[in-house]
Amino acid sequence: METDPAPTLTGDRVTLEPLSLEHADDLRAAVADGDLWRAWYTSVPAPSQVETEIERRLAEQSAGRMVPFAVRDRPTGRVVGSTTFLHLDDANRRVEIGSTFLAASSQRTGINTEAKLLLLSHAFETWQCIAVEFRTHWHNTRSRAALAGIGAKQDGVLRNHSVGPDGSMRDTVVFSVIQSEWPTVRLSLSERLRSHDRAEGARRRSARHA
């Protein structure tokens, strides 16, 4: 899997561009939108830690272990979050999508759906992966439901998998999409995007006639 330089992935609503320190200001605003870092079951940096987190991800990229992206909302031009390819496994043609956060005002807007579609398309169609993995905290029920909703299958639970900053033990739920499932998952994500577009069109029409 060719990971250097990182690709730029562009959809109708979202551009995933190589992460850099130039994104720090927008990402500070993104994590402050909804106080994302305060959810105890996530690993989102606080505003004061954003630059340190960007530097960490870039160091992981230099070591060949991660491909980090900034998530840019194309209509507004703002960077509203970050996501990554990680645990790159060339020999077994596997990769994980994770370390994702998105400003609260950008959630449930289709941005994350299109980002997942772009990442999965790149993994399966460019890198020819045979499996793409997702991991989330047991208590992150919204994330677990979202992954199941797109057709990812739960592989299992890694109990006491890691220790959180507050000393709590994290049980990690592992999901994956395998190569043979990708056409159906792609269809599911594409239909979700169409649904978002229809809902947004109806909202705008209603606003014009209000």
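Visitor: What should I know about the model before we start?
Guide: Residues are numbered from 1 along each chain as its sequence is written, and side-chain values use heavy atoms, leaving out hydrogens and water. In this predicted model, local features need pLDDT of at least 70 and side-chain atom pairs count only at pLDDT 80 or more, while totals for chains, interfaces and linings use all residues.

Visitor: How many helices and strands are there in the protein chain?
Guide: Both kinds are DSSP runs numbered from the N terminus: helices are H or I with at least four residues, strands E with at least two. From the N terminus, the order is β-β-α-α-β-β-β-α-β-α-β-β-α. That gives five helices and eight strands.

Visitor: What percentage of the 210 residues count as buried?
Guide: Buried means under 20% relative accessible area, exposed over 50%, and partly exposed in between, using a 1.4 Å probe and protein chains only. By that rule, the buried share of the 210 residues is 43%.

Visitor: Is histidine 161 buried, exposed or partly exposed?
Guide: Histidine 161 belongs to strand E7, residues 153-163. Because its relative accessible area is 37%, histidine 161 is partly exposed.

Visitor: Which residues is histidine 161 in contact with, leaving aside its neighbours within four places in sequence?
Guide: Contact means heavy atoms within 4.5 Å. Histidine 137 is 24 residues away along the chain, and its C-alpha atom is separated from that of histidine 161 by 9.7 Å. With the neighbours within four places set aside, the contacts of histidine 161 are Arg135, Arg170 and Thr172.
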